Amino acid sequence: MKTEPEAFIFNPKHNSQQVLKILKALKQASHQLHQNPNTTFSNSPAIKALLELQHESDSILSNDPHLTPLSTHLTALKTLINSPVQRHNGLKSFIIRRVNSHEVSKLAGSIESEIDRWIGREIVETLTQTLRRGNELKEEVLIDLIEQFEARIARGFDRDLQDSILRSKVFNELESILCDSTSNDKGKSYGNYSKNIREAAAFAITELIRFNKDVFVGQVLIGETEIIRALVELSSVRSLQAVGMLIRLIKSPIVDEIESNGEIVNIIDLLTCNEMSVGAMAMECVMEIGYFGRKEAVEAMLKADLVKKLVELQRNESRGVVTDVKGWCPVRTSENNNNIEMHSFSSCVARFAVQLEVGEGLRQREKRALKQEVLKRVRDACVCEAEAATIIAEVLWGASP
């Protein structure tokens with residue numbers, strides 16, 4: 001007896017890659033049909049592809065209750081396409097075909113949406129299960145799974161996907177990886193995960209906050225772990241870029257957390273890191289803190305001798321000690337460019353003063369008072385009157401509209 005039908009019996013839990021391949025093909029055909037519904041259904045390549053794939057996917061749909069709506073849509077589409085009126089001419093048939101064409105487009109859109117939901121759930125479930133197994137997988141495989149998840153949520157808010165994320169507690173798993181550390185006699189050392197994996201987890205967390213601030217910001221601010229501290233301890237370009245992204249997304253509340261946890265001093269210390277790209281990214285973090293920080297955060301930066309450090313860095317760069325820094329902002333979005341070259345600390349004192357002047361965290365009288373404090377500290381930090389006059393002029397002119 002032939003056993004060919006058994007080849008089409010799939011269990012989504014054990015054959016997810018095969019299921020995913022077929023569903024992606026269904027999605028592509030549905031997308032083409034949704035964009036270009038054809039009144040001559042028999043000649044539509046997208047419809048032919050959908051009907052062929054439906055036969056192949058019947059056993060898949062019956063094995064996963066989440067795919068029941070998809071099965072219903074596919075059956076309705078097949079019935080609509082095979083309607084006898086499609087094969088006759090005449091005004092009545094023409095009108096019905098036009099109406100049916102609209103219905104086909106709607107069904108194709110629904111099919112595409114259902115497949116998207118399944119793929120989103122599968123990505124979340126696969127990532128969560130993988131993260132809970134620890135570091136059993138190779139680094140590149142785990143990073144790829146995290147980046148797939150990041151790319152999926154970067155497409156925008158989806159309530160069903162959010163429900164899957166919350167049920168799976170994948171945020172907590174990513175947070176645990178980022179803050180992964182173990183204690184020993186010598187203090188704190190990083191545990192099971194590499195720097196690259198922890199950086200990937202950081203970017204996934206920032207994308208989750210972009211996905212829905214109302215839900216995930218609270219988990220960053222009141223979580224049991226300290227995400228910002230973990231990122232600053234990593235002391236890499238990408239970890240500091242994640243810090244900057246979190247500040248831009250959450251604004252003053254997270255700057256308050258950075259200040260209360262004493263991380264401002266650690267960020268400022270990274271300005272003089274031997275790796276110039278790290279120093280450049282630390283400078284970007286300082287600028288973001290200056291823009292969104294309240295009075296307490298700005299005062300903490302000044303007490304940490306920020307102005308003195310900036311004056312020294314600006315002086316060194318003007319002498320050629322610090323050269324152009326390449327790659328200070330790694331490619332994460334289309335508008336960034338790996339070949340960006342910039343003078344990281346050129347006029348950095350004035351740039352910081354401008355951030356305070358135009359920022360969101362300070363009241364007007366606080367801005368005026370802190371500007372005077374910056375000027376005072378510039379005079380104290382400069383080695384000669386000429387240097388002080390130059391930087392003060394930059395601060396005064398740069399801070400003016």
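Trainee: Where is the place of S235?

Mentor: S235 sits in the loop between α10 (227-234) and α11 (237-250). The helices here are DSSP runs (H or I, at least four residues), numbered from the N terminus. Before we go on, this is a predicted model, where local features need pLDDT of at least 70, side-chain atom pairs count only at pLDDT 80 or more, and totals for chains, interfaces and linings use all residues. Residues are numbered from 1 along each chain as its sequence is written, and side-chain values use heavy atoms, with hydrogens and water left out.

Trainee: What is the phi of S235 near?

Mentor: Phi of S235 is near 55 degrees, a positive value in a residue other than glycine. K251 also isn't a glycine, and has a positive phi of about 65 degrees. You'll find K251 in the loop between α11 and α12 (252-260).

Trainee: How is a pair of aromatic rings described?

Mentor: By the distance of the centres and the angle of the planes. Rings of Phe, Tyr and Trp (its six-membered ring) pair if their centres lie within 6.5 Å; planes under 30 degrees apart are stacked, over 60 edge-to-face, and the rest tilted. Searching the whole structure turns up three such pairs. In one of them, F157 and F211 have ring centres 5.4 Å apart and planes at 40 degrees, so that pair is tilted.

Trainee: Which parts of the chain does the pair link?

Mentor: Distant ones: F157 is in the loop between α5 (139-153) and α6 (159-168), while F211 is in helix α8 (residues 195-211), 54 residues apart. F157 is partly exposed at 42%, whereas F211 is buried at 5%. Then take Y291 and F292: with centres 4.8 Å apart and planes at 75 degrees, they are edge-to-face.

Trainee: Which residues touch the most other members of the largest nonpolar core?

Mentor: A nonpolar core is a set of buried Ala, Val, Leu, Ile, Met, Phe, Trp, Tyr and Cys residues joined through side-chain atoms within 4.5 Å. Of the 104 residues in the largest one, those are F149, I165, L174, L178, L271 and F352. Helix α4 (residues 91-132) gives this core its largest share, ten residues.

Key:
Helices (H or I, at least four residues) and strands (E, at least two) are DSSP runs, numbered from the N terminus. Buried means under 20% relative accessible area, exposed over 50%, partly exposed in between (1.4 Å probe, protein chains only).
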